[in-house]
Amino acid sequence: MAEFTTIGKRLAMLDAPAKVTGAGLYADDLKLPGMLVGKILHSPHPHAHIRAIHTEKAEALPGVHAVATGQDVPRPYGILPIGHDECVFTADKARYIGDNVAGVAAVDTATAERALELIEVDYESLPAFFDPIESMKAAEHRLHADKPNNIEKEYHHVFGDPEEGFLEAACVREDHFYCSEVTHAAMEPHATLAAFDADGRLTVWSSTQVPYYLQRTLSEVLELPMSQIRVIKPLIGGGFGGKSEVISVEVAAAVLARKAQRPVKICYTREEVFYAHRGRPITIIDLKTGVSREGKITAVEARVVQDGGAYCGYGPVTILYSGALLNAMYHIPNVRYDGYRVLTNKPACGAMRGHGTVNVRFAFESQLDMLAEEIGMDAAEIRRRNFLQAPCMTVNGLRVTSYGYPECVEKVVERSGWREKKGKLPFGKGMGLAGSHYVSGAANPIIRSNMPHTTVNIKVDRDATVTLFSGASEIGQGSDTIQVQLVAEELGVSVERVKLVAADTDLTPVDLGSYSSRVTFMAGNACLEAAREMKRQILEVVGKRFACPAERILFRDERVFCPDDPERAMSFEQAVLAALDAPGAPDARALVAKGTYTPPAEAQGGKFKGAGVGPSPAYSYSAQVAEVTVDPETGQVTVDRIIAAHDCGRALNPLSVEGQVQGSVWMGLGQALQEELIWEKGRLMNPSMLEYRTASTLESPPIETILVESVDPEGPMGAKEAGEGSLAAALPAVANAIYDAVGVRIKSLPITPEKILKALREKEKQSKGTQKDEPAGI
């Protein structure tokens with residue numbers, strides 16, 4: 001008998017029919033009677049005092065029902081308790097081009113836009129800071145008065161003895177890396193519809209990854225009890241972290257709806273989405289790594305400066321992840337980390353797929369290749385020499401329970417023909433190897449509490465329909481499908497029997513949201529706990545009827561039975577009815593059960609400042625080999641093939657996991673070769689999908705996915721993260737392949753043809769023995 005009946009099946013996502021037929025509704029598709037259009041007035045200045053705002057002309061315009069400014073909603077908010085520094089409409093000063101200054105609700109878009117033109121704002125321009133290094137030198141005109149030197153947060157961590165580690169090293173490298181700013185480029189723009197009912201109760205439909213945190217923020221800013229607020233998440237057209245913190249548009253719609261006493265919907269234009277941003281920051285990395293003659297890492301030292309933009313957002317988490325997840329990949333006995341999150345007059349950065357880890361991983365995996373070359377060791381072999389021995393604790397207190405990285409490396413080495421091809425391809429062709437990892441959910445909640453990270457409820461009605469109530473947010477990653485699969489597997493029923501009610505704060509219990517790849521692991525474990533409780537209730541009755549110990553009874557193939565006695569069997573429907581009609585049953589209408597999940601205490605990190613970011617119940621692992629062609633005449637890079645092996649614990653739905661891995665790799669390739677936000681004195685020069693160049697299908701190589709199943713002891717049915725962990729390896733794999741192809745090392749992202757050509761010319765000058773200005777690498 002197979003171990004599973006539903007788990008491991010390649011099932012299409014539950015919401016696929018609604019999405020592919022167009023029947024599914026996203027936030028901007030929703031309409032209510034009397035609904036108004038909301039529009040936002042944004043600052044044209046990167047840094048300016050606001051002396052006065054005059055809204056009289058806008059308010060007098062026919063068709064305008066409400067105009068709101070910072071005076072209407074003075075309470076600040078932020079996703080982190082330590083970073084409440086934003087207001088829905090800024091009242092004192094604008095801190096970036098695009099900062100929200102006022103809002104209008106009108107009968108149509110044209111009227112709302114005309115009203116924005118009639119709002120008069122008296123600005124006093126201030127000196128602005130666009131470069132994080134320069135911003136750290138600021139003596140006056142700080143963005144926030146309580147942030148000296150414009151440093152949002154800085155962390156300094158030392159584990160082991162880095163000085164001693166470097167003394168032990170046979171080879172030490174120090175390199176400087178620079179990573180440009182990139183953004184999520186989700187297909188669906190931010191959109192929110194807000195409406196108050198006759199009793200003053202607010203309902204918000206929003207494109208959010210975090211309905212619970214949005215409900216909390218609305219409560220705080222509007223000064224309404226949470227019980228007076230309902231948040232519903234419709235279909236989401238991509239999030240990638242950009243919708244994992246509250247964006248001001250979500251609160252602005254509610255503010256305008258309250259003032260207008262009519263429903264208000266705001267859907268950002270694509271340009272507004274770019275300015276709302278919250279993407280991956282400019283990151284400047286100075287990395288020093290020492291290795292022994294045998295290739296063992298002896299010490300690592302990293303100084304990381306991130307350009308955080310004008311507000312805190314997820315900033316402290318971003319800079320902490322960059323340091324914490326230097327670990328849990330390889331055995332590193334000695335680590336020093338200095339991280340600085342710096343404020344500048346640009347839109348705030350935030351969480352983006354691979355949050356905080358991608359840029360530092362690019363630097364680390366690039367430098368590891370350089371070290372391997374210097375000590376004459378194969379790039380795959382130096383990684384093998386530094387594998388962890390799981391289960392284990394890292395030097396900074398991260399608990400690793402399962403570790404499929406060695407198998408990932410071996411799989412991509414075998415599949416790619418690494419041993420036969422690496423370093424042996426003709427000039428212009430090359431291959432590179434790199435690894436990455438990521439958390440399966442953050443072990444600590446954003447807001448400290450003893451509340452479970454997630455709770456689900458299951459109800460089984462008299463017709464044996466199973467309804468799962470989950471607050472988890474499906475944002476395209478397939479988590480709705482996975483939860484249903486887990487419940488169906490545990491109860492031994494088909495997935496068609498399980499109905500899902502999700503992400504509606506009135507109907508579903510609290511889940512902390514879709515971020516840090518937490519849903520499958522955390523909501524999945526809660527689903528299993530609830531399903532097991534449901535089974536216990538049924539077994540209590542069926543076991544007596546069968547005169548059989550509960551542990552000998554199986555739930556499988558829509559039946560409940562003793563496998564060693566065909567006479568003792570009944571359908572799932574009969575078993576449910578038996579439980580409902582049993583004497584003393586609490587409710588004859590339906591069976592109900594609850595499941596929760598909270599990470600174990602030993603997975604929640606150490607006691608030092610910042611220790612709460614980085615710990616996770618489990619870590620995924622990825623290894624990738626990239627094959628590239630570099631045209632030495634143009635510098636153009638073509639990625640010919642990517643082989644990606646991902647340790648996902650157990651693949652609950654291989655089709656879904658493969659899709660996530662391929663999406664991660666594709667997103668990583670975009671950052672590696674072409675994506676960047678281009679700023680000119682605080683103004684974004686490429687705020688559209690035509691000018692911000694993500695990879696098209698024509699630029700996407702074949703991505704061969706290999707699933708490695710390490711079966712985590714605490715994951716739901718052994719599963720771990722699969723949605724983010726493969727992204728980071730793509731960048732250094734391509735950089736390492738370019739070096740293999742043409743012999744130049746590019747340490748600045750994106751790796752453009754111009755950078756490659758410049759490095760090739762410098763290399764040519766060096767080979768001719770001419771005077772050089774800089775080394776052959778950028």
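Is M717 buried or exposed, and what is its relative accessible area? In this predicted model, M717 is buried, with a relative accessible area of 15%. That counts as buried because the cut-off is under 20% relative accessible area. I begin with this residue on account of its backbone. Phi of M717 is near 55 degrees, a positive value in a residue other than glycine. As for its place in the chain, M717 lies in the loop between β30 (703-708) and α18 (727-742).

K681 comes next. Here phi is near 50 degrees, again a positive value in a residue that is not glycine. The loop that holds K681 runs between β28 (679-680) and β29 (683-684). K681 is exposed, and its relative accessible area is 62%.

For context, most residues other than glycine have a negative phi, and most peptide bonds are trans.

The bond from A390 to P391 is cis, with omega near 0 degrees. P391 sits in the loop between α11 (379-384) and β16 (392-393). A cis peptide bond also joins L749 to P750, where omega is near -5 degrees. P750 belongs to the loop between β31 (748-749) and α19 (753-767).

Finally, I turn to a strand pair. Which sense does the pairing of β23 and β24 take? Strand β23 (residues 559-562) and strand β24 (residues 565-571) are antiparallel, and they pair over 4 bridges. The two strands form a hairpin, with 2 residues between them. Within this pair, C562 stands opposite D565 in β24.

Key: Residues numbered from 1 in each chain as written. Predicted model: local features only at pLDDT ≥ 70, side-chain atom pairs only at ≥ 80, totals over all residues. Heavy atoms only, no water. Pairing = 2+ DSSP bridges. Buried < 20%, exposed > 50% of the residue type's maximum accessible area, 1.4 Å probe, protein only.
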